[in-house]
Structure formats: structure tokens, C-alpha cells
Amino acid sequence: MASSVHHLLFLIINLLIIPTTLLSQSIIQMPPKRHRITDDNLYCDSWRFSIETNDAGTWTSIPSRCVAFVQDYMTGDRYLSDSAAVSNYSLSFARGVQIGGDGKDAWVFDIDETLLSNLPYYEAHGFGSETFDEASFDEWVDLAKAPALPASLKLYKELQQLGFKIFLLTGRSEHQRNATAKNLLYARYNNWERLLLRGPSDQGTTATVYKSEKRSDLINEGYRIHGSSGDQWSDLLGFAVAQRSFKLPNPMYYIA
Ligand SMILES: [Mg+2]
């Protein structure tokens, strides 16, 4: 009898305790309020995905909450790692191309943020968050000291070894030809087939149209454009596009 009473008491106590325990567990297990920095990181990672895939279309400035994120991305390992991944896929494709032996197998490279990195300039100008100042950027171009993007330099050299003719197609203007060539040599690029810059008749056209027209001219000369590398979609889209286009990362600015 005493045992039954004890058993009953035990059951009653448990019935009283369990809901309290469940309640306290449910409070403990509520997701902690996330820190603002974590939210920014997540937001900015998704923003970067959207601009790199061109889902975002034209954009004019980095969201203010993402400036620190872009700085981390550009100055840390991720930019180099992402660029290396693009370069490796480009090379993997290039190795599968049947080279004709007639000197007409072509690869087109953009220059800024593709072969050359203007990161030293953008580090001093808010990583693209400041309004673009053409005068100060032109001064930087004239210095001809932009370093190579390492992954692109490696790809460039390997493509030459494979037998591709290299065409450099840039939005820079014809008056910047000497400084551009000097900078390319400084960064250890050499033996390109042709350096194409915006001439007087190319002024006023969008980057997409200008670059498409130049690629079209090459095709009319009999070149087969197997691959194209650029940090802007306007380097790669339009008409007379390459068989394969390779988009390099650039979360600092967008050129339509
Ligand atoms: Mg570029």
C-alpha cells in the first residue's frame, strides 16, 4: 500500500515538473537573435551571387551595408580563389579545342579586372563605392603599374602554349594605347596578336555593342573565337560571341 502511494506521488510530481521542463527547453531552444554582422554577410553574399550571375542586371553602386564585405572579398583569399576557379575551367575547355594549325584559333581577353588588377586604385577609392572619377582613374592608368591577376596570367601563358592567338579587347581609349601596352609588359604579358582599344568611331557605343563589333570583325577575318574572358557581362554578351565565355568576378563596379 505504501508502495502504491509512493508511486502515485511520483507520477503527480512528474506531471507537474514535465510541462515546466518542456517550457524551459522551448525557451532555451529558441534561435538566438542573430547578430547584425551575420545578417550583413548573408545578405551581401546573396547580393554578390545576384550581380555575378547578372540576375541583378544593371547596378550602379555597392549597397552601403556591403562595402566592408566587398573589401574583405577583394583583399582576402576569396577573390584569388574564385579567379583561379574560372581560369581552371577556361583552361580545361581550351585543352579540348582542336587547334587548326592555320593561326586562326583565337581567345579574347578583356584587360581591366581581367588581365590587370586595378585593386591598388580601388583600395584607395572605397572599393568601387565612391562615384567613378575618370580623371583620377586615367592618372592611375598612365602610371602603368597595375599588377597582373595571377590566375589570368597563368591562363594567358598556357593558352599561348596551346597555340591560341590572343586578342586584347578593352574599353580603354586609343590614347591610352602606350600606357596600356607598357603596363601589360610590366605585368609580364607579351606576344599578344592585337590590342584593340576604343577609337574615335567607337565612342558613344555601349560596351556590349563595341566589343561585339570588334569580335565580328575578327570573325570576318577568319578567326575562330573559341573563348572569351572578362569581368563584365558586356565583355561577353551581344553578337559574335565566343564558343565559351568565362566571367571573372568583380563586385566593385558594373559596365553596361
Ligand atoms: Mg574589365
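Helices (H or I, at least four residues) and strands (E, at least two) are DSSP runs, numbered from the N terminus. On that basis the chain holds nine helices and five strands. Along the sequence they follow the pattern α-α-α-α-β-α-α-α-β-α-β-α-β-β. The model is predicted: local features need pLDDT of at least 70, side-chain atom pairs count only at pLDDT 80 or more, and totals for chains, interfaces and linings use all residues. Residues are numbered from 1 along each chain as its sequence is written.

**Confidence**

- pLDDT is the predictor's confidence in each residue, from 0 to 100.
- The chain has a mean pLDDT of 91, and 86% of its residues reach 70 or more.
- Among the elements, β1 has the highest mean pLDDT (99). Helix α1 (residues 2–28) has the lowest, at 49.
- Over residues 15–26, pLDDT stays under 50. The model gives this stretch zero contacts beyond four places in sequence.
- Where pLDDT is low, the predicted coordinates should not be read in detail.

**Overall packing**

- Two residues are in contact if their C-beta atoms, placed from the backbone, lie within 7 Å.
- Of the chain's contacts with a separation of 6 or more, 75% join residues 24 or more positions apart.
- A residue is buried if 20 or more other C-beta atoms lie within 10 Å of its own, exposed if 12 or fewer, and partly exposed in between; again, C-beta atoms are placed from the backbone.
- Buried residues make up 31% of the 256 residues in the chain.

**Helix α9**

- Helix α9 covers residues 207–220, 14 residues in total. From first C-alpha to last it reaches 20 Å, close to the 20 Å expected at 1.5 Å a residue. The expected span is 1.5 Å times one less than the number of residues.
- Its buried residues are Ala207, Tyr210, Lys211, Arg215 and Leu218.
- An α-helix has 3.6 residues a turn, so residues three or four places apart point the same way.
- Just after α9, Gly222 takes a positive phi of about 100°.

**Helices α4 and α7**

- Helix α4 (residues 77–95) packs with helix α7 (residues 150–162) at an angle of about 10°, their axes 8 Å apart. Axes are lines fitted to C-alpha atoms, for helices over the stretch in contact, and angles run from 0 to 180 degrees between N-to-C directions.
- The two helices are therefore roughly parallel. Angles under 35 degrees count as roughly parallel, over 145 as roughly antiparallel, 65 to 115 as roughly perpendicular and the rest as oblique.
- Residues making the contact include Leu80, Ala84 and Leu91 of α4, and Leu155, Leu159 and Leu162 of α7.

**Two loop residues with positive phi**

- Glu113 lies in the loop between β1 and α5 (119–123). Its phi is positive, about 65°, although Glu113 is not a glycine.
- Glu113 counts as buried because it has 25 C-beta neighbours inside 10 Å. Leaving aside neighbours within four places in sequence, Glu113 is in contact with Asn118, Asp231, Leu248 and Asn250.
- Ala144 sits in the loop between α6 (134–143) and α7. Its phi is near 55°, a positive value in a residue other than glycine.
- Ala144 has 18 C-beta neighbours inside 10 Å, so it counts as partly exposed.
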